[in-house]
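Subject: Handover of a structure and the findings on it

Dear colleague,

Please find below the sequence and the structure that I am handing over to you. My findings follow directly after them.

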Amino acid sequence: MALLSTIRGATWGRIVTRHFSHAARRGERPGGEELSRLLLDDLVPTSRLELLFGLSPCLLALRAARRSVARLLLQAGKAGLQGERAELLRMAEARDIPVLRPRRQKLDAMCRYQVHQGVCMEVSPLRPRPWSEAGEASPGDDPQQLWLVLEGIQDPRNFGAVLRSAHFLGVDKIITSRRNSCPLTPVVSKASAGAMEVMDVFSTDDLTGFLQTKAQQGWLVAGTVGCSRAEDPQSSEIPITSCLEFLWDRPTLLVLGNEGSGLSQEVQASCQLLLTILPRRQLPPGLESLNVSVAAGILLHSICSQWKGFPTEGERRQLLQDLQEPSARSERLSVAQHPGLSSGSEKERQNES
């Protein structure tokens, strides 16, 4: 059965490749209506591969070239491909990746009815790299280095949203605990809008030991705690400060804990400081904390806004003005660039979140 599936996959690869070659010679757009009429009898994902879905995850995965790609699946029935979908098709052609055009119902079933935007790819999995491969970074190299450390984040959508915020705000590295943490799945990639495809994510079996080692090297280890836990006996021995009062004057590890239980006692005891987000009103029981991905965005912004390269108030006003004036934006594109700004088409990403 496996051999038959392999033969079918190879046959489709030859059929699709020949179709694109003939279409190019005739001056036609590859992947047009002809290809959508081909009978697709085998769209079962190949073993040891996973199905990546969504426009941005697939496009960024192809650009990053960190995964092996078996097939690109583009939804049939659309009149031509434009913008980033056309770019996907061109990149697949250039790398001799077979392109199939299943109907939406087939893609829906393959993706288990996730929002795929008509784009899927069969790819090799991504794995976190050992933290020993992160490279040594001396505190003297740059006093404003920021690494995000995640202990036991289990919800893939939370994980993806945290990665998206971290990438947008310029976090240097991501370190996760190997135990009880969500793997780098297609759902994580989709929730991150593809940021997972371009970020280096590292992991460690000994998170406490990692934090203690970095503290000995001169890094500040800043944990996080909800406002309701500020009176906890364990945390009372560690200074607690509002994220708005935190001064980022040396390389910092920001440590976020599990969605439900927060930081473990061992990890919290390795922190030199605990940051918290203070509410603006008295909160009833059960609402004293924020979703971890929301908290991550607030904490990272409060820290990264102190970054020496972060846009000043005047630069931010100019950026907002540029967004409202397309002609001015094209003339000032090189001014005050920020890691979170993208030149991609926002219109094609409307359905990502």
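I begin with strand β2, which is mostly covered, 5 of its 6 residues being buried. Please bear in mind that the model is a predicted one. The chain contains 14 helices and 12 strands, and 46% of its 353 residues count as buried. Among contacts with a separation of 6 or more, 84% are between residues 24 or more positions apart.

**The sheet around β2**

Strand β2 belongs to an open sheet of 4 strands with the order β1-β4-β2-β3 and mixed pairing. At the edges stand β1 (50–53) and β3 (99–100), each of which pairs on one side only.

The pairings may be taken in the order of the sheet. β1 and strand β4 (residues 119–123) run antiparallel and are joined by 4 bridges; in this pairing, Glu 50 is placed opposite Val 123 of β4. The pairing of β4 with β2 is also antiparallel in sense and extends over 5 bridges. Here Val 69 has Val 123 in β4 as its bridge partner. Between β2 and β3 the pairing is parallel, over 2 bridges, and Leu 72 has Val 99 in β3 as its bridge partner.

The axes of α3 (residues 55–64) and α4 (residues 83–94) come within 10 Å and cross at roughly 35 degrees, and the crossing is left-handed. On the α3 side, the contact is made by Leu 55, Cys 58, Leu 59, Leu 62 and Arg 63. On the α4 side, Glu 84, Arg 85, Glu 87, Leu 88 and Met 91 take part. By class, this contact of α3 with α4 comprises 6 nonpolar and 4 charged residues, with no polar ones.

**Two loops with a positive phi**

Most residues other than glycine have a negative phi. Ala 65 has a phi near 55 degrees, a positive value in a residue other than glycine. Ala 65 is located in the loop between α3 and β2, and it counts as partly exposed because its relative accessibility is 49%, a value between the limits of 20% and 50%.

Asp 96, in the loop between α4 and β3, likewise has a positive phi, near 55 degrees. Is Asp 96 exposed or buried? Asp 96 counts as exposed, because its relative accessibility is 59% and the limit for that class is over 50%.

**Aromatic pairs**

A search of the whole structure gives 3 aromatic pairs; I describe two of them here. A pair of aromatic rings is described by the distance of the centres and the angle of the planes.

Trp 131 and Phe 210 form an edge-to-face pair, with 4.7 Å centre to centre and 70 degrees between the planes. This pair links distant parts of the chain, its members being 79 residues apart. Trp 131 lies in the loop between β5 (129–130) and β6 (146–150), and Phe 210 lies in helix α9 (residues 207–216). Trp 131 counts as partly exposed, at 24% relative accessibility, whereas Phe 210 is buried, with a relative accessible area of 1%.

Trp 147 and Trp 219 form a tilted pair, at 4.9 Å centre to centre and with 55 degrees between the planes. This pair, too, links distant parts of the chain: Trp 147 is in strand β6 and Trp 219 is in the loop between α9 and β9 (220–224), 72 residues apart. Both Trp 147 and Trp 219 are buried. Together, Trp 131, Trp 147, Phe 210 and Trp 219 form one aromatic cluster.

With kind regards

Key: Residues numbered from 1 in each chain as written. Predicted model: local features only at pLDDT ≥ 70, side-chain atom pairs only at ≥ 80, totals over all residues. Heavy atoms only, no water. Axes fitted to C-alpha atoms, helices over the stretch in contact; angles between N-to-C directions. Left-handed = near helix turned anticlockwise from the far one by under 90°. Contact = heavy atoms within 4.5 Å. Nonpolar A, V, L, I, M, F, W, Y, C, P; charged D, E, K, R; others polar. Pairing = 2+ DSSP bridges. Phe/Tyr/Trp six-rings, centres within 6.5 Å; stacked < 30°, edge-to-face > 60°. Buried < 20%, exposed > 50% of the residue type's maximum accessible area, 1.4 Å probe, protein only.
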